[in-house]
Amino acid sequence: MAKKNFNNALKKAFSKDALTIYLVVAIYAVISIMLYGDLASRQLTNMLISVSCYIVLAVSLNLVVGLLGELSLGHAGFMSVGLFSGCLFSMWTVDLIPMLYIRLPLAMIFGGLFAAIVGFVVGLPALRLKGDYLAIVTLACGEIIKNIITNLEITGGALGLTTTNSGSYIYSKPKVLLPYAIVLVLITVVVMMNIKKSRHGRAIMAIRDNRIAAEATGVNVTYYKLIVFVLAAFFAGAAGVLYGHSFANIKPAVFNYNMSIEILVIVVLGGMGSINGSIIAAIALKALPEMLRGLDKYRMLIYSIVLIVVMLLNSNQKFIEFKSKFSFKSLLKMKKKSKKEEISNEQ
Amino acid sequence: MSLFFQTLISGLNLGSIYALIALGYTMVYGIAKMLNFAHGDVIMIGAYSVIVTVSSLGLPPVIAILIGIAFCALLGVSIEFLAYKPLRKASSLAVLITAIGVSYFLQNIAQLIFGTQQLAFPKIINLDAIKIGSVQIDGITLVTLCVTAVIMVLLTLFINFTKIGKAMRAVSEDKEAAELMGISTNRTISVTFAIGSALAMIASLFYGATYTYIKPTTGSMPGIKAFTAAVFGGIGSIPGAMLGGIMLGIIEQYSKAYISTTMSDAIVFGVLILVLLVKPTGLLGKKISEKV
């Protein structure tokens, strides 16, 4: 009995999900050592917070695109709602709560909730629309959000929010923000993994695969569609608050459909519904343009060519065969197979 | 009252540009069932081709326009051949991301060749303004409206009465059945891309004449607006794209004139969402019944 429990525990500790968490922790451990030991280059330091935010954005968008199967082109809109509301909250309470470790999480929750409310409103049309029509509505919502924030006086209009004014100084350096980024990424990853494994996740995937069949078996489609949009918006908003604290000035025009598309590209390249994939693709796609900075003029050109080639290769039958032949998994299997053959030969 | 009519004219002008671009989106969608996000950037390439042929090479406008149309049609066909054709059987999201990649590619190529600063678009249409009562219609607006009307009539005739037009409708209705009838889907898709891109080039002429400056990112906003217009009218429907484009242009100009210049985009997109909530497949889109 004890052995069985131990085996189960062992299985759990080496399950795919757990490995993802180890991977994230390991990456951040290395980065933390580099950052606090002053080994990190300036380039890396500047990238850290924004890459972390993109991981959260991609993993949360994956819930909508990968699990629910609906195309959303307005994720940057949710992010900016969270960013501006959370940063304003932080600016107003900076005298009241000077401790960052209380204020920032509170601001993240505040911004996240605000974004979740907007996510609920955007989720409503999702009940009636689907496919490309829903995609254009989410895109439209993102643009409306951007337009409204640009016209609000409270957020500084088109000039944006300045976080370094005396009296409302909330700007923080990457070194200060990194622990919060790590916690946010871990929470997002754990929550998304558990949703995916739970009956809620199965219900959401059932809606993706066949809405009518899911409805017939008693899945509450309305509830799940709304909850997916609300949850994704919440995490996008929380990531936005973190993002906002790492910049001295934030302009609302940055959060346009191009940014939403950038997040979508990460999700699709990482693999629909795959949390591991989203994390790796976020790091790779955000790091790639930075690494190509030396090539300056050509870097975005190379980026676009890489994007096209990867998409073409991924749907090429011959390449898929080639990939599956040399993947890590199949190599392991081959080893097992040859062992089995050895055993059977001996017999 | 004069502001009302003046706005109507400028709305029609802008709407014609949107409609021409939206036609490209909707035709490609109807036939290849894909959102061609790179379509907006074909407009930008078309505008640059006019700048090169007219401003740099000094060719007469008519020849420049013909070269531009041929070039854009070729560009559209080659984009389809290189980037979208290998993905015929892939998921629609994979095609969408590839289209986004192509869009980035075109923008960056233009940036490398022409730089990031904006270039002046040459004046190719010189017509005096006409005054009707207190309403003034610019020469370029007049040309835009007339040309767009002629193109729409021709396109409708082409789609309805020529062999290729019929093939296009057949492929968009049922690809497999069309193939069984001996229609070459690949050729039909190529023709669609060629026509769509040629229309985008014509739209770029009017866009350049109205806004007078061209940048590598010029294509993206009219592209998105035209895409919105296509969905507004019911994506896949050719009359829908015409109606959607013109209505979108009129709504945009009226909200700029009467409500707020800075909030016009929000109003346009807001109207789109309202229309889609009432009619989920757009104004003229076909109602799709679900099979269980």
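Hi everyone, thanks for having me. Please keep the structure open while I talk. Remember that we are looking at a predicted model.

Let's begin with a pair of helices in chain A. Two packed helices are described by the angle between their axes and the distance between the axes. Our pair is helix 5, residues 100–126, and helix 7, residues 174–197, both in chain A. What are their angle and distance? The angle is about 45°, and the axes are 11 Å apart. Angles under 35 degrees would count as roughly parallel, and 65 to 115 as roughly perpendicular, so helix 5 and helix 7 of chain A are oblique to each other. The crossing of these two chain A helices is right-handed.

Which residues meet there? From helix 5 of chain A come Leu100(A), Tyr101(A), Leu104(A), Pro105(A) and Met108(A). On the helix 7 side of chain A you will find Val176(A), Leu177(A), Tyr180(A) and Leu184(A). Sorted by class, this contact between helix 5 and helix 7 of chain A has 9 nonpolar residues, no polar ones and no charged ones.

Now let's visit two threonines. Thr45(A) sits in helix 3 of chain A, which covers residues 42–68. Is Thr45(A) buried or exposed? Its relative accessibility is 17%, and buried means under 20%, so Thr45(A) counts as buried. Setting aside residues up to four places away in sequence, Thr45(A) touches Leu35(A), Ala40(A) and Pro174(A). Look at Pro174(A) in particular: along the chain, Thr45(A) and Pro174(A) are 129 residues apart, yet their C-alpha atoms are separated by 6.5 Å.

The other threonine is Thr148(B), in helix 5 of chain B, residues 139–161. Thr148(B) has a relative accessibility of 2%, so this residue counts as buried too. With residues up to four places away in sequence left out again, Thr148(B) touches Ser16(B), Leu20(B) and Phe206(B).

On to the cysteines. How many disulfides does the structure hold over all chains? The number is 0. Take Cys53(A) as an example: the nearest cysteine sulfur belongs to Cys87(A) and is 10 Å away. A disulfide needs the two sulfur atoms within 2.5 Å, and Cys53(A) is in no disulfide. Cys53(A) is buried, with a relative accessible area of 0%, whereas Cys146(B), at 46% relative accessibility, counts as partly exposed.

Next comes a glycine, Gly131(A), found in helix 6 of chain A, residues 131–151. Gly131(A) has a relative accessible area of 34% and is partly exposed. Its C-alpha atom is separated by 9.4 Å from that of Ser72(A), a residue 59 places away along the chain.

Let me finish in two loops of chain B. Lys33(B) is in the loop between helix 1 (2–32) and helix 2 (39–56) of chain B. What is phi for Lys33(B)? Phi is near 50°, a positive value in a residue other than glycine. Lys33(B) is partly exposed, at 47% relative accessibility.

Thr212(B) lies in the loop between helix 8 (185–211) and strand 4 (213–214) of chain B. Phi of Thr212(B) is also positive, about 60°, although this residue is not a glycine. At 37% relative accessibility, Thr212(B) counts as partly exposed.

That's my tour, and I'm happy to take questions!

Technical notes: Residues numbered from 1 in each chain as written. Chains lettered and ligands numbered in written order. Predicted model: local features only at pLDDT ≥ 70, side-chain atom pairs only at ≥ 80, totals over all residues. Heavy atoms only, no water. Axes fitted to C-alpha atoms, helices over the stretch in contact; angles between N-to-C directions. Helix = DSSP H or I, 4+ residues; strand = E, 2+ residues; numbered from the N terminus. Parallel < 35°, antiparallel > 145°, perpendicular 65-115°, else oblique. Left-handed = near helix turned anticlockwise from the far one by under 90°. Contact = heavy atoms within 4.5 Å. Nonpolar A, V, L, I, M, F, W, Y, C, P; charged D, E, K, R; others polar. Buried < 20%, exposed > 50% of the residue type's maximum accessible area, 1.4 Å probe, protein only.
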